[in-house]
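Visitor: I'd like to know how the labels on a model like this get decided. Can you walk me through some of them?
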Amino acid sequence: MTRSTTTERGASVASVMIIMMLVFMLFEFIVMGGRIAAAQGEVNGAAREAARQGSLAQNAGQARDVAELTADANLPTDKLSCTETAISFGGSFSPNGQFTVAVSCRVDLSDLSLLGVPWPSKSFAAQSTEIIETYRAVG
């Protein structure tokens, strides 16, 4: 049987604490990756749906209104996803024209404290374009 010396006392506690800190940092890294992936997916989906719904409208004004409502409905604004959003429109609203929607979103990452991320928030952007049908009345 071996006896531990007084210099080794508490070494196992310190080792466990270091390992636990690394496990928590790994867990926060996974959470951050999930938040980033979810936010980019939300922005992509919002831009796609807004462009599609806007392209079905009868005129440019109605298209912008419908697209903005659709994008807002598809972007949750809770603390874990988009905190600031911006929506812009483009294209020519005529038969065979295009209706483009660009959506941007900022995600707050400041609560991931163990990782010490160098940026407190991250911005995401997506753009989607839909073609206005050729044989359709546009007013």
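Predicted model: local features only at pLDDT ≥ 70, side-chain atom pairs only at ≥ 80, totals over all residues.

Visitor: What makes α1 close to the expected span for a helix?
Guide: Helix α1 runs over residues 11-55, which is 45 residues. The expected span takes 1.5 Å times one less than the number of residues. For α1 that comes to 66 Å, and the reach from its first C-alpha to its last is 66 Å.

Visitor: Why is the pair Glu130 and Arg52 called a salt bridge?
Guide: The cut-off is a side-chain nitrogen of Lys or Arg within 4 Å of a carboxyl oxygen of Asp or Glu. In Glu130 and Arg52 the closest N and O atoms are 3.8 Å apart, and that makes the pair a salt bridge. Glu130 sits in strand β3 and Arg52 in helix α1, so the pair ties together parts that are 78 residues apart in sequence.

Visitor: Why is Arg52 called partly exposed?
Guide: Buried means under 20% relative accessible area and exposed means over 50%, with partly exposed in between. Arg52 has 34%, so partly exposed is the label.

Visitor: How many salt bridges does the structure hold?
Guide: Two. Glu84 and Arg106 also meet in one, at 3.8 Å from N to O. Here Glu84 belongs to strand β1 and Arg106 to strand β2, so this pair ties together parts that are 22 residues apart in sequence. Arg106 counts as partly exposed too, at 30% relative accessibility.

Visitor: What makes the nonpolar surface patch?
Guide: Val16, Met20 and Phe24 do, with about 270 Å² between them. To join a patch, a residue needs over 30% relative accessible area. Phe24, which is found in helix α1, has 45% and is partly exposed.

Visitor: And which residues have the most contacts inside the largest nonpolar core?
Guide: Val43, Leu75, Phe93, Phe99, Val101, Val103 and Val107, in a core of 23 residues. At least two residues each come from α1, α2, β2 and β3, and α1 gives the most, with seven.

Visitor: How do you know what Leu75 is in contact with?
Guide: Contact means heavy atoms within 4.5 Å. Leaving aside neighbours within four places in sequence, Leu75 is in contact with Glu42, Val43, Ala46, Cys82, Thr85 and Val103.

Methods: Residues numbered from 1 in each chain as written. Heavy atoms only, no water. Helix = DSSP H or I, 4+ residues; strand = E, 2+ residues; numbered from the N terminus. Buried < 20%, exposed > 50% of the residue type's maximum accessible area, 1.4 Å probe, protein only. Patch = residues over 30% accessible without salt bridge, like charges linked within 9 Å, V, L, I, M, F, W, Y side chains within 5 Å. Areas by Shrake-Rupley, 256 points an atom, 1.4 Å probe, with all protein chains shown as cover. Core = buried A, V, L, I, M, F, W, Y, C linked by side-chain atoms within 4.5 Å.
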